[in-house]
Amino acid sequence: MKRLDRTDTIIIASINAEDGRIKLTSVMRDMIVTIPGHGEQKINACTYYGDVNLLIRTLNVNLGLNITEYAMVNFEGMARVVDILNGVYVDITEPERDIINRHMGEIAKYTMDQQAYLANR
């Protein structure tokens with residue numbers, strides 16, 4: 001079995017079937033859990049030791065969940081998801097806006113560098 005890298009981001013999506021609301025919960029990648037067959041480890045090691053199924057099993061056992069379906073995307077895939085959704089709206093406070101505006105040049109440079117990287121892969 002080909003080993004995957006350690007997971008960088010783990011997000012659990014819950015969809016309310018009655019009203020269609022979606023809740024996203026971020027799991028800290030450094031959270032210590034019991035990984036079946038591997039003892040106490042950071043949760044992000046599941047994909048290294050096994051695969052996504054080991055991650056799902058570990059989440060279900062340690063957090064008392066019943067996750068049955070998943071989606072796994074890389075950086076480029078996440079960008080495509082955001083594009084399909086026509087962007088993502090984020091509520092920010094005025095102080096946060098001021099900080100973002102001060103760093104916009106750095107953010108734009110990173111974004112352009114990342115797009116060039118992805119285009120040349």
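How many salt bridges does a search of the whole structure find? The search turns up six, where a salt bridge is a side-chain nitrogen of Lys or Arg within 4 Å of a carboxyl oxygen of Asp or Glu.

A quick note on the ground rules. This is a predicted model, so local features need pLDDT of at least 70 and side-chain atom pairs count only at pLDDT 80 or more, while totals for chains, interfaces and linings use all residues. Residues are numbered from 1 along each chain as its sequence is written, and side-chain values use heavy atoms, with hydrogens and water left out.

**Charged pairs**

Here are some of the salt bridges, with their N to O distances:

| Pair | N to O distance |
|---|---|
| Asp19 and Arg21 | 2.8 Å |
| Arg80 and Glu76 | 3.4 Å |
| Asp98 and Arg97 | 3.3 Å |

Take Arg80 and Glu76: they sit four residues apart in helix 3 (residues 75-84), so about one helical turn separates them. Helices here are DSSP runs (H or I, at least four residues), as are strands (E, at least two), and both are numbered from the N terminus.

How covered are these side chains? Asp19 is partly exposed at 43% relative accessibility, and Glu76 is partly exposed too, at 25%. On this scale, buried means under 20% relative accessible area, exposed means over 50%, and partly exposed lies in between (1.4 Å probe, protein chains only).

**Around Lys42**

Lys42 lies in strand 4 (residues 39-42) and is partly exposed, with 39% relative accessibility. Leaving aside residues up to four places away in sequence, Lys42 touches Arg29, Asp30, Met31, Ile32 and Ile35; a contact means heavy atoms within 4.5 Å. Met28 is 14 residues from Lys42 along the chain, and their C-alpha atoms are 9.1 Å apart.

**A nonpolar patch**

On the surface, Val73, Met78, Val81, Leu85, Val88, Val90, Ile92, Ile100 and Met104 make up a nonpolar patch with about 770 Å² of accessible area together. Patches take residues with over 30% relative accessible area and no salt bridge, joining like charges within 9 Å and nonpolar side chains (Val, Leu, Ile, Met, Phe, Trp, Tyr) within 5 Å. Accessible areas come from the Shrake-Rupley method with a 1.4 Å probe, and for residues only the protein chains shown count as cover.

One member, Val90, is in the loop between helix 3 and helix 4 (94-102). Val90 counts as exposed, at 60% relative accessible area.
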